[in-house]
Amino acid sequence: MNKSDPRIIVLFSGYSEVQKNTMNANCTCTLIKGPPNCIIDTMTAWDGSKIVAALQKHGITPNDINYVICTHGHSDHIGSNYLFQNAIHIVGFSVSQGDHYYLSPDIAKGDNYEITDNIKVIPTPGHTLQDVSVIITIKNVVYAITGDLFEKFEDLEDDNVWISAGTDNEQLQRANRAEILKIANFIIPGHGPMFQVPQKYKAIKDNM
């Protein structure tokens, strides 16, 4: 790995478990250690101290984070955004810092937000209509941090896993899942550990 290559560190693997009247869930939280330093999906508002401690293990404080990227606006993905006062925040299609909202690039119109040559944020709506994924390329290996576009590895074989987790547009989510499966070597899903994309999905048809 070159000094300029980012390092991907899954700080916490997410989970989701249906109980009697509730779902116990928290999202996967990922650090891209750069520079620039990026954190993707900041879990719940009750996880702040846990995230700070995890970052410290890698020599980083919240003030060292340059970008906060939330794959969508659900509360288990944005809860600890408040920790990162120096960062540009990308939440779904919105890009802001303090009270300044950036109008370009327009992710809602399909523009990619390029953080560096090998880190970009792309629109992948479906789970919500403002979902984004983070695409990182390291030595021709493509990592996709997708939030709840993919719930966990098991939803590759069982559509009910991701559909039951909620989808604002099932057809659109299927199409974007198929595109990610084509380009990614590894996926970091919204509520499970990182997994390698099985080869049989690389030429997947648009019905995933």
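A nonpolar core is taken here as a set of buried Ala, Val, Leu, Ile, Met, Phe, Trp, Tyr and Cys residues joined through side-chain atoms within 4.5 Å, where buried means under 20% relative accessible area with a 1.4 Å probe, protein chains only. The model is predicted, with local features requiring pLDDT of at least 70 and side-chain atom pairs pLDDT 80 or more, while totals for chains, interfaces and linings use all residues. Residues are numbered from 1 along each chain as its sequence is written, and side-chain values use heavy atoms, without hydrogens and water.

The largest nonpolar core has 22 residues, of which Ile69, Ile90, Tyr113, Val134 and Ile136 touch the most other members. Strands (DSSP E runs of at least two residues) and helices (H or I, at least four) are numbered from the N terminus. Strand β12 (132-138) is among the elements giving two or more residues to this core, and its share, four residues, is the largest. Contacts of Val134 (heavy atoms within 4.5 Å) include Ile32, Ile40, Ile69, Val121 and Ile145, with residues up to four places away in sequence not counted.

β10 runs antiparallel to β11, joined by three bridges, and Glu114 is opposite Lys120 in β11.

The buried residues of α4 include Arg174, Ala178, Ile180 and Leu181, and their cover includes β11, β12, β13, α3 (159-164) and β14 (186-189).

Definitions and conventions:
Buried means under 20% relative accessible area, exposed over 50%, partly exposed in between (1.4 Å probe, protein chains only). Two strands pair if DSSP finds at least two bridges between them.
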